[in-house]
Amino acid sequence: MLTSISHDGVFDIATVLPIMGTAVALGLLIALLYRLVEGRSGKFQLVLAVLPLLVSCVIMIVNGNLGVSVAVLGAFGLVRFRSAAGTAAEIGFLFFSMAVGLAAGMGFLTLAVLIAVAVSLVLLLLQRLGLDRTASRQRQLRVTIPEDLSYNGLFDDLFQAYTRSARLERVKTTNMGTMYELSYLVELRDPAAEKDFIDQLRCRNGNLTVILGLVQQEKNVL
């Protein structure tokens, strides 16, 4: 059975130091895991490293004090509404760090370590299985065509030859209404065949502009 190192919610120096040390160590582990999985580093990685320590300290401060708990909840609410929403991966790692900090702050150090190890192994396994490969093959395609050219089914044969799936997302008029800009979300069969795909599109649209790039994602600062 997992038990807390604190006794009746009382924290002394002998329990606070192990809690803080465990939170720091697990925070560094989460930050390194984020860099390994997402391939990015920066200020958000520092936040992940410090967050378990901060959460565990807050839990120790508000332990058993209803008034302080309500005040801290209000402070977190203000921070939430002044922050931009992050990506799915960022939000997931934030919950990961908070869960570890909560377990450590309550004194369940073994549980905090088990959570960190279990989630880390699952993330590494999912990355090893390559479940994000489909996303890496997705491209955003923008093709410009003359206004007198019907775009319905215009590129269906090319999509069938070069893509696994293609979806028309937006039609936009450009150049004073003399042209259409078609925006597609496509999943390529072979990323190495991008040039051939673009050449075929250029032959079909009269050598007008063709843009094929990665799917754009909003990058917000938390």
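**A guided look at the helices and cores**

In the protein chain of this predicted model, 71% of the contacts (heavy atoms within 4.5 Å) between residues at least 6 apart in sequence join residues at least 24 apart. As a predicted model, it has local features described only where pLDDT is at least 70 and side-chain atom pairs counted only at pLDDT 80 or more, while totals for chains, interfaces and linings use all residues. Residues are numbered from 1 along each chain as its sequence is written, and side-chain values use heavy atoms, with hydrogens and water left out.

View 1. Helices (H or I, at least four residues) and strands (E, at least two) are DSSP runs, numbered from the N terminus. Of the 222 residues, 30% are buried (under 20% relative accessible area, with a 1.4 Å probe and protein chains only).

**View 2. Helix α1 (residues 13-38) meets helix α2 (residues 43-62).** Their axes, lines fitted to C-alpha atoms over the stretch in contact, come within 8 Å and cross at roughly 155°. Angles run from 0 to 180 degrees between N-to-C directions. The two helices are therefore roughly antiparallel (an angle over 145 degrees). Among the α1 residues in this contact are Val16, Ile19, Met20 and Ala23, and the α2 side includes Phe44, Gln45, Leu48 and Ala49. By class, the contact has 17 nonpolar, three polar and one charged residues; here Ala, Val, Leu, Ile, Met, Phe, Trp, Tyr, Cys and Pro count as nonpolar, Asp, Glu, Lys and Arg as charged, and the others, Gly among them, as polar.

**View 3. Helix α1 also meets helix α4 (residues 88-105).** These axes come within 10 Å and cross at roughly 165°, which makes α1 roughly antiparallel to α4. Ile19, Ala23 and Leu26 are among the α1 residues involved, and Phe93, Phe96 and Val100 are among those of α4. Eleven nonpolar, two polar and two charged residues form this contact.

**View 4. Ile30 sits in the largest nonpolar core.** Such a core is a set of buried Ala, Val, Leu, Ile, Met, Phe, Trp, Tyr and Cys residues joined through side-chain atoms within 4.5 Å. Of its 19 residues, Ile30, Leu48, Phe93, Phe96, Val100, Ala104 and Ala112 touch the most other members. Helices α1, α2, α4 and α5 (109-129) each supply at least two residues, and α1 gives the most, with seven. Leaving aside residues up to four places away in sequence, Ile30 touches Leu48, Pro52, Phe93, Phe96, Ser97 and Val100.

Key:
Parallel < 35°, antiparallel > 145°, perpendicular 65-115°, else oblique. Buried < 20%, exposed > 50% of the residue type's maximum accessible area, 1.4 Å probe, protein only.
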